[in-house]
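Please look through the sequence and the model shown here before reading on. The report then takes up a few places one by one.

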Amino acid sequence: MADPTGDTEKPRRLGRRQVLGMVGAVTGVALVGGCSDDEPSASASPSATEPSSRPPTRTATPTPSPPPTPTPVAFDASEAYAVVEHLAGQVGPREAASAAFDEAAAYVQARFEALGYTVVQTDVAVPAGDSWGVPVGSGTSQNVIADPPGFAAAAPHVVIGAHLDTVAAAPGAEDNASGVGVMLDLARMAAAEPPALPVRFIAFGAEEPRGRGDSMHHFGSQAYVRELPATQRSAVVAMVSLDRVGVAAASVPLATGGTGTTQVVDALSAASDQAGVPSDRSQDNRASDHWSFEKAGIPSARVGSVPYPGYHSAGDVPGVVDPAQLGRVGVVVWTWLTGL
Ligand SMILES: [Zn+2]
């Protein structure tokens with residue numbers, strides 16, 4: 001964050017290992033104790049078939065195993081980066097209505113399901129248009145919606161989203177496999193250590209523009225908000241869009257669209273301070289799925305948007321993504337989420 005105050009008490013910049021350690025401290029230790037399957041039974045006694053002539057032994061009590069080390073969940077940037085490598089390096093460009101997008105959606109659905117989420121894909125109609133200089137036809141994209149066990153959409157919850165599509169020419173490592181990778185690891189953490197407020201995770205289809213103007217982009221999130229029943233809309237306590245979150249930077253960009261409540265961005269900013277990760281909320285923008293929610297009066301914010309040369313081009317390859325930045329973003333969002 002730029003520090004116009006000249007405050008000498010700036011947060012220390014922490015290495016990833018330290019930050020992860022802090023997350024452990026922040027989230028607490030839920031996994032106390034552990035499996036007792038390997039423990040000797042309390043009723044264990046010398047076998048009745050043991051020869052009676054056997055002398056008394058002092059070895060009846062086996063050396064106890066050391067207690068299991070508690071393992072608080074921590075964000076795993078290497079897992080998030082592996083998603084970037086898969087989507088950008090293996091699947092490649094995944095324009096919203098393409099077969100490659102369908103492949104990416106199936107991959108994300110399988111990843112969520114492996115974590116125990118209930119997943120649906122909802123269709124999103126997209127018009128023909130211009131995908132950053134490349135003509136594209138009309139078709140159907142999908143939102144991939146993942147709910148934890150017992151989820152009730154009309155009860156208070158959080159939505160964390162990341163768009164899965166790319167412009168036609170770009171493999172989309174930063175834009176936006178980075179956001180999808182962070183989202184999937186947050187989903188892993190939330191499954192292991194459920195936050196107080198349940199989280200619905202959404203990989204949005206068709207975020208990228210197919211022409212100019214508000215009606216020609218963010219199709220997946222606009223459709224999601226439009227189709228939400230009023231009772232479910234009011235149940236969304238906060239929405240966060242993870243979009244372009246991996247290019248190395250001195251801070252984590254935080255933004256709103258500039259027209260609604262700042263409560264989500266305020267809380268994210270506080271969480272970044274708490275986690276010791278610098279953040280920068282100086283640049284509001286409407287260029288991601290948070291804007292669809294903000295327009296509907298739902299508290300929302302965007303994380304990410306560091307400029308980079310490969311933007312919307314064939315140069316948006318995994319090498320532009322810095323795992324350490326993914327880690328900083330993951331820590332900030334998890335700290336925010338677990339503080340709600
Ligand atoms: Zn994007």
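## About the model

This is a predicted model, in which local features need pLDDT of at least 70 and side-chain atom pairs count only at pLDDT 80 or more, while totals for chains, interfaces and linings use all residues. Residues are numbered from 1 along each chain as its sequence is written, and side-chain values use heavy atoms, leaving out hydrogens and water.

Because His 163 lies in strand β5 (residues 157-163) and Asp 175 in helix α4 (residues 173-192), the pair ties together parts that are 12 residues apart in sequence. Helices (H or I, at least four residues) and strands (E, at least two) are DSSP runs, numbered from the N terminus.

## The nonpolar cores

A nonpolar core is a set of buried Ala, Val, Leu, Ile, Met, Phe, Trp, Tyr and Cys residues joined through side-chain atoms within 4.5 Å. The largest one has 62 residues, of which Phe 112, Ile 160, Phe 201, Leu 242, Val 303 and Trp 336 touch the most other members. Helix α4 gives the most to this core, with 10 residues.

## Gln 109

Gln 109 is placed in helix α3 (residues 99-114), and its side chain makes a polar contact with the side chain of Gln 121 at 2.8 Å. A polar contact is a pair of N or O atoms within 3.5 Å; within protein, one must be able to donate a hydrogen and the other to accept it, and residues adjacent in sequence count only if both atoms are side-chain atoms.

Notes: Buried means under 20% relative accessible area, exposed over 50%, partly exposed in between (1.4 Å probe, protein chains only).
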